[in-house]
Amino acid sequence: MNNSRKIWNIGTGARLSGMVPVHGNKNAALPAITAALLLPLGGALTLGQVPRISDVSVLLDILGHLGITSHWTGQQQLTLTRERHVDSEPVVPAELTSRIRGSITLLGPLSGMYQNFRLPKPGGDKIGGRPIGAHITALSDLGIDVTDEAGYFVCARTDSHLHGGTIMLTEQSVTATLMLLLYSGFLPPHEQLTIIDAACEPHVVTLCTILEAMGARIDGTYSNLLRISWPDGRHEPVAPLRLDDDFMEATTYAIAAAITRSDLVIPFHNAGIYLFLIDRYLGWMGVATALERDQWTIFGSRSKLAIDPTLKTIKAEPWPRFPTDVMSMFVVLATQCGGSLKFIEYMYDDRFGFVQSLRDIGARIEQMPPHAIVVHGPTPLVGNEMFLRPDIRSGAAMLLAALCSSGTTILHDRGGVIERGYQQLPETLASLGAPISASAVVFD
């Protein structure tokens, strides 16, 4: 278990400038790496634009227990190889799965690989109840019984033969969709899996692309209806594959520029597709931007932060609507904008758990538990000493809040919350001109 606590000092008067690179999508990296379980013995999968974050490191350790070796062949390039088959029931340490939510997708490929297995329950961000009823129901419809037993999922396939069929998800769950896509790789060539009400987030599309390179035939990519088959079985990809740039990381830097009245250039592959809606919301909040095909420029120095009268509510919804993973950063932006704005989050009932910390440093926010808040701005924020919650996005949000606060802010990042989802976010902001320094690493 990671018991370290990094302490960050953030000074006042941040002004950023320059060009900031964006790494690969963290939420795409985890299922893409897990796809290595579908490789034939001796096969390799090479992925480019992989963020070097702690969640990736933990997943690589997990896959090591399942016969997958990994090594970095470049700064952002990772090669995974199936070195051996684990024929008996796999043993995955609970200490590892407890550190990342993404380990839930392992239920898919492991259900294809083993008649019976046990998987320790996942951990990850603490943002409220995160039910997996959609996952369990889908597996049950495929003939796989999943029971809860003392911190483990105990899975048993009722039929020795894998089969496909039509699965109607009980919610538009990203991880359930990813889990089923990974399960499909073990279907016989004559079987097809149809997923109704599938998620279509960018990271789902990325996994579809990777599976197609490994032999899958997928109809409906980018939609909520997926049909997957493997007519010629599985094989290793013939060329390296690249993860999409991380729209969540790009949004974090964009809002950092806006609230510090700074100008930043953010290179981003296919920016016009993945950042269009986020860019529109920034415009409605008074942020001056220029969105091009492969670049996003934020003109914080000439932005007039104010809520457009037509913008009453921001509500997190499944893609392609407003993404939940950038909501925390938009809450911080709203504290610096003139006007009032309501935020609604039905997906995670503790997404707004960090709001009290914002109130403690001067934000005027009405809380309407468990699903809504109203932010009134602009309000000056004042530096304070705070402990980050175990939630990647609120950790990044509080770092942003510190950038536009007066005085000094001290953030205690217990367990490396920020680095779980961002590659060197504080260090990168410091390189752009932010007064950020790490004062100590403490082991609690």
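Helix 7 has among its buried residues P202, H203, V204, V205, T206, L207, C208, I210 and L211, where buried means under 20% relative accessible area, exposed over 50% and partly exposed in between, with a 1.4 Å probe and protein chains only. The helix is thus named from DSSP, in which helices are runs of H or I of at least four residues and strands are runs of E of at least two, numbered from the N terminus. The model is a predicted one, in which local features need pLDDT of at least 70 and side-chain atom pairs count only at pLDDT 80 or more, while totals for chains, interfaces and linings use all residues. Residues are numbered from 1 along each chain as its sequence is written, and side-chain values use heavy atoms, with hydrogens and water left out.

Helix 7 covers residues 202–213 and is mostly covered, with nine of its 12 residues buried. From its first C-alpha to its last it reaches 17 Å, close to the 16 Å expected at 1.5 Å a residue, the expected span being 1.5 Å times one less than the number of residues. After helix 7 comes G215, which has a positive phi near 120°.

Strand 19 is joined to the antiparallel strand 20 (residues 372–377) by five bridges, two strands being paired if DSSP finds at least two bridges between them, and R364 stands opposite H376.

Five bridges join strand 6 to strand 8 (residues 152–157), and P120 has Y152 as its bridge partner in strand 8.

The largest nonpolar core has 78 residues, of which F330, L333 and F343 touch the most other members; such a core is a set of buried Ala, Val, Leu, Ile, Met, Phe, Trp, Tyr and Cys residues joined through side-chain atoms within 4.5 Å. Its largest share, 10 residues, comes from helix 8 (residues 247–259). Leaving aside residues up to four places away in sequence, L333 touches I255, A258, I259, L282, M285, V287 and L305. Another core, of 73 residues, lies apart from it and includes A134, L142, L182 and I195.

| Feature | Value |
|---|---|
| Cis peptide bond W319 to P320 | omega about 15° |
| Cis peptide bond P369 to P370 | omega near 0° |
| Positive phi, Y222 | phi near 80° |
| Positive phi, R261 | phi near 55° |

P320 lies in the loop between strand 17 and helix 11, and P370 in the loop between strand 19 and strand 20. Y222 is exposed, with a relative accessible area of 63%, whereas R261 is partly exposed at 34%.

Conventions. Contact = heavy atoms within 4.5 Å.
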